[in-house]
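Dear colleague,

Please find below the structure for your review.

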Amino acid sequence: MSDFSRRDFARAAAAVSAASYSRIMGANDRLQIGYIGVGNRGTQVHEAFLEHGDQVTVALCDLREDYMAHNAKISRSTPKQYKDYKKLIEDRNVEAVVVATPDHWHALMFVDACHAGKDVYVEKPLSLTVQEGRRMVEVAQQTKRVTQVGIHRRSGKFLKEAVDYIRSGELGHITVAKGWHLQNEWPVGVGTPADGESPANHKVTEAEWDQWLGPAPKVPFNQNRMYYRFRWFYNYSGGQLTNFGVHYMDMLRWALGKETPRAVTAMGGKFAIKDNREIPDTMEALWDFDGTMMVFSQYNANNAPSNAQNSEMEIRGTKGTMYLHGNRWEVVPEKNTDLPLVARSPIDRDQEKSYRPSFKTSSATPKVVKGSADTAFHARNFLDCVKSRAKCNCDILDGHRSTTATLIAGIALKTRSYLEWDGKAERFTNNAAANKWLSYQYRAPHKLG
Ligand SMILES: NC(=O)c1ccc[n+]([C@@H]2O[C@H](COP(=O)([O-])OP(=O)(O)OC[C@H]3O[C@@H](n4cnc5c(N)ncnc54)[C@H](O)[C@@H]3O)[C@@H](O)[C@H]2O)c1
């Protein structure tokens, strides 16, 4: 956590949870959490929970002993360590579970944890396929679990203020929202390691590879398909479209109160980077949200600024534009005209010259709002909701809807299609072949409960 966000967080935590900190926590007052997947993100989420006094780490699960040892060391407790996630879920000391494994494992682990009566914080994107996500929603509802999907911007107070600003109508009608993932990875990207070759710092065994793959198809071991770099391969991830796109998609859905898009299309490819990735290095996805268009641009062979403000997202309304950065947002009002546009004519240039619209600055209030969407706020919200049984800021249904929107864009890209989407039935209505991408056959013996 940066110094700024740490201070910011401490202030907010003091205000929000004064009651829970007003007494010394005994072991029984603390939520007993088990962490499945303590790699790059799992460790960050663990650290976010460790910011709070009313939780304790009782168990860890990962394929890597060194990752578990690191997390045991930072945990200020003596957690049990498991290599099989089912054992962690069976552990009666575990009251809630955090899942931060690669995307293709989320559904199995989440559903098993719900059936075992554990509340679950699960990382985004929620699932690898739409059908998995739908099942996760059903099981969470049937088992009455408290769920939080790791789209942590939902717990950023300054972003809630952005949503309130947009919903107040000050930006007018939102016609376009855009999000960018910009990173120049040219020329070598993630490289082209040979199959069978372990990374220099970690020898991967056949059993570890098999456990990594889980429900995914058995393919020869390649280190780029594994730790961290799995997001460049489709068997384990939807690529940067779901990895980053889900954050932006969720922000737009939240701000506009929209549930699902009615159509989607995408194009792109591997245009410049020479490595063994499967996902594009350059792509553009577009969604039709019935009166608002959403665009996600993934440019991984060029890192020029997104727009004049170099923001991560922009939300364009008839009366103003909101530029969203990681720790602030800004509104720039539009200038609106009061006269219809002139019809230019070669034989009547005077008409054009005398056209004097007002170009008045709109009523949108110019604003700069700073803040933090640190994951510790999202963890705080989960801990509070586990106690109160209230719905979390990003519960399973919102996580599913935002993930689904990005997953169907991935299907449009793969099938090179413009796809019309029935958000209630969760099916494409104009392309039967595209529907087969909504699920996939798990490798035996894996089965979604
Ligand atoms: N919210 C965010 O901003 C954010 C940021 C980064 C990553 N993520 C998400 O977190 C997830 C993990 O990504 P990462 O970058 O940490 O990847 P990572 O490869 O660093 O970590 C994944 C961990 O899962 C473990 N794992 C894999 N299969 C397992 C199994 N069967 N049982 C137990 N452990 C298993 C691996 O050993 C590894 O340590 C992804 O879904 C990713 O999208 C979210």
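The notes below begin with the domains and then turn to the sheet, a helix pair, a group of strands and some backbone details.

Please bear in mind throughout that this is a predicted model.

**Domains**

The protein chain is divided into two parts: domain 1 covers 3-155 + 374-396, and domain 2 covers 157-195 + 225-372 + 400-438. Their C-alpha centres lie 29 Å apart. Where they meet, 27 residues of domain 1 are in contact with 27 residues of domain 2. On the side of domain 1 that touches domain 2, the elements that give two or more residues are α1 (3-16), α6 (103-115) and α7 (130-142). The largest share of that side, six residues, is supplied by α7. Sorted by class, the side of domain 1 that touches domain 2 has 12 nonpolar, eight polar and seven charged residues.

Strands of a sheet pair through backbone hydrogen bonds, either parallel or antiparallel.

As an example of a bridge, valine 97 has valine 120 in β5 as its partner.

**A helix pair**

Two packed helices are described by the angle between their axes and the distance between the axes. For helix α3 (residues 40-50) and helix α13 (residues 375-388), the angle is about 65° and the axes are 8 Å apart. Their crossing is right-handed. From α3, the residues Gln44, Val45, Ala48 and Phe49 meet Thr375, Ala376 and Ala379 of α13. By class, this contact has five nonpolar, two polar and no charged residues.

**Strand β13 and its partners**

One partner of β13 is strand β12 (residues 320-324), with which it pairs in the antiparallel sense over five bridges. In this pairing, methionine 322 stands opposite valine 331 in β13. β12 and β13 form a hairpin, and three residues lie between them. β13 also pairs with strand β16 (residues 367-370), in the antiparallel sense and over four bridges. Here glutamate 330 stands opposite valine 368 in β16.

**Backbone details**

Most residues other than glycine have a negative phi, and most peptide bonds are trans.

A cis peptide bond joins lysine 124 and proline 125, with omega at about -15°. Proline 125 belongs to the loop between β5 and α7. A cis bond also runs from alanine 444 to proline 445, where omega is near 5°. Proline 445 is in the segment after β18 (427-428).

Arginine 76 is not a glycine, yet its phi is positive, at about 60°. This residue sits in the loop between α4 (65-74) and β3. Is arginine 76 buried or exposed? It counts as exposed, because it has 9 C-beta neighbours inside 10 Å, and a residue with 12 or fewer is placed in that class. Lysine 144 likewise has a positive phi, near 55°, in a residue other than glycine. Lysine 144 lies in the loop between α7 and β6. With 10 other C-beta atoms within 10 Å, lysine 144 is exposed.

Yours sincerely

Conventions:
Residues are numbered from 1 along each chain as its sequence is written. This is a predicted model: local features need pLDDT of at least 70, side-chain atom pairs count only at pLDDT 80 or more; totals for chains, interfaces and linings use all residues. Domain bounds come from an automatic or database domain assignment. Two residues are in contact if their C-beta atoms, placed from the backbone, lie within 7 Å. Ala, Val, Leu, Ile, Met, Phe, Trp, Tyr, Cys and Pro count as nonpolar, Asp, Glu, Lys and Arg as charged, and the others, Gly among them, as polar. Two strands pair if DSSP finds at least two bridges between them. A residue is buried if 20 or more other C-beta atoms lie within 10 Å of its own, exposed if 12 or fewer, and partly exposed in between; C-beta atoms are placed from the backbone. Axes are lines fitted to C-alpha atoms, for helices over the stretch in contact, and angles run from 0 to 180 degrees between N-to-C directions. A crossing is left-handed if the near helix is turned anticlockwise from the far one by less than a right angle, and right-handed if clockwise.
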